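Here are a few notes to read alongside the structure. Have it open while you go through them.

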Amino acid sequence: MMKYLKIVLATLVLVLFANSTFAQKNAKSDAATVNVTILNNKFKHVDLINSYGNEHKTYASSDIVGDKFSMLANVDNDIYRFDFGSENYFLVVLKKGEVINLTIDADDLQKVPSVSGSESMNFVKTATEYTARKKKALDSLNNALQTDPKQQYWSRVAQNINLFKQTNDDVDKYILSTFDNVDSLSALCKRLAPNAKIKGGDLDVFVTAANKFLKDFDNNYRPFANYLENVDKYYDFTTGRLQGNADFYMTLDQYIQDVNSRHDVAEKSLGKCVEKVKELIADRDSLVYNNLMDQKKNKNAWAGAVIAFVRDYAQNMTSKHADYSQQVAANNGVAPSLVSGSQEIVKSIVNVYQTQYNETDNYVNSRILDLVKSNKDDIAVLMFLDMFPKDQNAALHQEVITALHNTYAEHPIVKERWNMMNSPAGKTSIGAIAPELAFKDPDGNIRKLSDLRGKVVLIDFWASWCGPCRRESPNVRNVYAKYHDKGFEVFSVSLDRDYNNWVKAIKDDKLVWPNHVSDLKYWSSEAAAIYGVRSIPSMFLLDREGRIVAKDLRGEALERAVKQLLGE
C-alpha cells in the first residue's frame, strides 16, 4: 500500500565521477578560512578532503576543542568534505580568500544551522532547508496515513477477506476430496459387490480399498470440522462497519452467505457419515490389533457393514458433489473483487495524502529550481542539480552545465557532463530538444525538422536496402494513417546512396508522408552522425515542443505513445 506514498527524497547526494580535485587555471592563491561550531558535538578530529573521486586527498586537519574548530586551507573553488570518520561527513563549498563562519549539527550533517561569509554556503543552507521541509512533510503525512482510522479499517478488511478466501480455498479442497472418497467407496461397492455380496476372491481387495477410502474420508473431513468449530473466532466481517459503501457490504454479505450455505450442505450430507466412518475404521483396527481380521467371517462381516454404510449414507452424494463443485466455481471470483474493492478504497485514502504531499513537493521543488537557476554559475549547484532528473529536465541541465562550463571548464564533473551533453548521445537523450535536421527531399527541396514544431513527430532513420526497416514500414504507415489528421508527422531520413533505389522504396512501400530526406552518403550520413545513429531502423519520437520522449518504439508501443502524446 505505502508504495503510493513513500517517495524517496533526494538529499545532498552527489553523483560525482572524477578522481582528483580540480585546479582552476589562474586562480588566486588566497587560502580559505573556516571557523566551525558543532551543535551536539560527538567528534574529536576532522579532516578536510575532496568530496568526490576514488582517492581522498587531505587538505587540512584539526582537532576539535569543545565544540569548535578552525581551518586555513589552500584550496581551489570546489566542493569538499569535513570528514569526521566512521562515514560521518559534512559537504562544504570553499572558495579562495573566503572567511566562513559556519555552524553544523552532529546529529544531522545534512543541515546548515547558520553560515556567514559564503554566498555558496548560504545557497546550500537555503536549499537544504527546503529539502528538509519535504522530508518533514513526508514523515508527517506518512504518520497520519498509517494512523488514519479509515485506512486501517479498509486495509484490515482487505487482509481478512484475502485470508478468509485462502482458508476457504483449502477447506473446499478438503470437502471436495471427501466427496471424492464417498464416490470412490460407492464405485468400489458397485464393482465388487453389485448385489451386496462379494466374491471370495475379491474380498481382500475390497477390504483393503474400502479401508483406504474410509481413512481418507476421515482425514479430509477433519480440517473442515475444525474450520466449522473455529471460523467465528477468527473472521468477523460485521463488527465496526463504517457508514457508506453499501454496495460493498451487500456483496460481502452475499459472499459470506454463499460460503456458509454450501458449507451447511456439505456438513449435512458428509457430516452424517462421519461417526459411522469412524466406527468402521475403529472396528477394523480392533480386529487387526487382536489378530482377528484374518478370519473370513470377520472380513465378510466388516465388508457387509461397509456395504450397508454405502447403501444407507451415500445416496444422492454424487449429485451433492456436483452441486458443491458448481457453487465453488460460481463463488470463486467474488473474494478477489472484494479485496480489490477495499484496496481501491485504501488507494483513494492514500491519494488524499499523496495530493497533500505533492502540493508541498511541487512548491519546494519550484523554490529549489529557482535557487538552482539563480546560482547556476556556482559550483555548489552540483549538489542539487540531480534532484531534477535529466530525462525530465534536459533544458535545466543544459542551462546549468553551460553556465558552469563558462567558469569551470576544466572541473572534472563539469567537463564530463559538458562533453556528454554535447555528444550525439547527449544531444539526443530522452528529454533533450531534438537537434535540427535540414536536408534535401527527392525533389531537391530542403526540408527542416524544425518546420514540424507543434506536431508529434517520428524521426525514422531507414534505407531501401534495410530489410528490418522495410518490415517495420507498414506499422509506421498505419500509425501515420490513423493519426496524421490529429497532428502526427513522420520525418524519414534515408541512409541510401542510390537515389533511384531510395525513391523506388518510398513508392513501393507507400510511404505517403512528404518529409523524406537524404544526403545519399550511406553510413557517412550527416544526419546519422548528428543523432549518433549506428544501426537502422532507428527512431526518435518527439512531442509537440520538439523534445525527445522515446526511442526505437515498434508496433503497438509506437501507436500507444503517439496516441498518448496527442491526448487521445
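**Strands and cysteines**

1. Start with strand E2 (residues 45-50) and strand E5 (residues 78-85): they run antiparallel and are joined by four bridges. Strands here are DSSP runs of E, at least two residues long, numbered from the N terminus. Two strands count as paired if DSSP finds at least two bridges between them. Across this pair, Asp 47 sits opposite Asp 83 in E5.

2. A word on the source: this is a predicted model, where local features need pLDDT of at least 70 and side-chain atom pairs count only at pLDDT 80 or more, while totals for chains, interfaces and linings use all residues. Residues are numbered from 1 along each chain as its sequence is written, and side-chain values use heavy atoms, with hydrogens and water left out.

3. Zooming out, E2 and E5 belong to an open sheet of four strands, in the order E3-E2-E5-E6 with antiparallel pairing. Strand E3 (58-63) and strand E6 (88-94) are the edges, each pairing on one side only.

4. Now the cysteines. The structure has one disulfide, meaning a pair of cysteine sulfur atoms within 2.5 Å. Cys 466 and Cys 469 form the link, with 2.2 Å from S to S. The link is right-handed, with 75° about the S-S bond. Both Cys 466 and Cys 469 are buried (under 20% relative accessible area; exposed is over 50%, partly exposed in between; 1.4 Å probe, protein chains only).
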